[in-house]
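Colleague: Could you take me through the charged pairs and one of the helices here? I shall ask as we go.

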Amino acid sequence: MRAIIVGGGKVGYYLLKTLKDEGYKVTLIEKDASICNKIAEKFDVDIICGDGTDIEVLKDAGIEYSEIVAAVTGKDEENFTICQIIKINFNYCKTIARINNPKNSSIFKALGIDKTVCSTEVIANLIESELNDDKIKIIQALDRGEMVLLELNIDRKSSWRNKTISNINAPNGCIIVSIFRDKRIIYPSGSIEIKEGDKVFIVTNMEKKYELEKCI
């Protein structure tokens, strides 16, 4: 697999390191010559000192032979522009955009960027979960923060207590992946009864999390 990373800051640096360690063919595009030189000293990869919004620079980076481009600069407008240029001129290539301001997430998605990652939003959700004394906690953000793994603690007031999985009132899109009971893992089926003291692990999105809170 061939990938292009645009942006050689901390995010781009560690993304480059991770992909290279996994054996991918990676090319980095970065405007700042000093950053290019520092990265070149540590990694034996193709590095282009140039503007990722320039079609000729993208071609030099091998976009015509690449499957994906990750635009991870520190500027949302630059990441968006890069992805839009690629969608218009190289629509066979997938795009991933880093979003620095969570307010821009809906705009990026509405305009057709394949995938977006907002680390601010992911971290904020995790912090909120830790600070709130709720029955539902976010254990892990998944799929670039779009999905979450939740832990639901069943107490005597829970509407799920003593009900089988097939009879609980879970919103559509909430998938029970396991139940932790008495130090053992139970893999779910419709006939499994949920007991007081259980920890139920669920994969869903943030919108469904709020619906789930109302149901229980």
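Predicted model: local features only at pLDDT ≥ 70, side-chain atom pairs only at ≥ 80, totals over all residues.

Colleague: How many salt bridges does the structure hold?

Modeller: There are eight salt bridges in the structure. One of them joins Asp-46 and Lys-25, whose closest N and O atoms are 3.3 Å apart.

Colleague: Which parts does the pair of Asp-46 and Lys-25 tie together?

Modeller: Asp-46 belongs to strand β3 (residues 46–49) and Lys-25 to strand β2 (residues 25–30), so this pair ties together parts 21 residues apart in sequence.

Colleague: Which residue forms a salt bridge with Glu-151?

Modeller: The partner of Glu-151 is Lys-199, with 3.5 Å between the closest N and O atoms. This pair links distant parts of the chain, 48 residues apart: Glu-151 is in strand β8 (residues 147–153) and Lys-199 is in strand β11 (residues 199–205).

Colleague: Is Glu-151 buried or exposed?

Modeller: Glu-151 is buried, having a relative accessible area of 14%. Lys-199 counts as partly exposed, at 29% relative accessibility.

Colleague: What about Glu-193 and Lys-195, how far apart are their closest N and O atoms?

Modeller: Those atoms are 2.5 Å apart, and the two residues form a salt bridge. Glu-193 is partly exposed, with a relative accessible area of 29%, and Lys-195 counts as partly exposed at 33%.

Colleague: Changing topic, which residues of helix α7 are buried?

Modeller: In α7, which covers residues 206–215, the buried residues are Met-206, Lys-209 and Leu-212. Viewed down the axis of α7, they fall within an arc of 100 degrees, so they line one face of the helix.

Colleague: Why would residues with that kind of spacing point the same way?

Modeller: An α-helix has 3.6 residues a turn, so residues three or four places apart point the same way.

Colleague: And which exposed residues are on the face turned away from the buried side of α7?

Modeller: That face carries Glu-207 and Lys-214, both exposed.

Colleague: Last one: what caps the N-terminal end of α7?

Modeller: Asn-205 does, with a side-chain oxygen 2.8 Å from the backbone nitrogen of Lys-208.

Technical notes
Residues numbered from 1 in each chain as written. Heavy atoms only, no water. Buried < 20%, exposed > 50% of the residue type's maximum accessible area, 1.4 Å probe, protein only. Helix = DSSP H or I, 4+ residues; strand = E, 2+ residues; numbered from the N terminus. Arc of directions from axis to C-beta. Polar contact = N/O pair within 3.5 Å; in protein donor to acceptor, adjacent residues only side chain to side chain. Salt bridge = Lys/Arg side-chain N within 4 Å of Asp/Glu carboxyl O.
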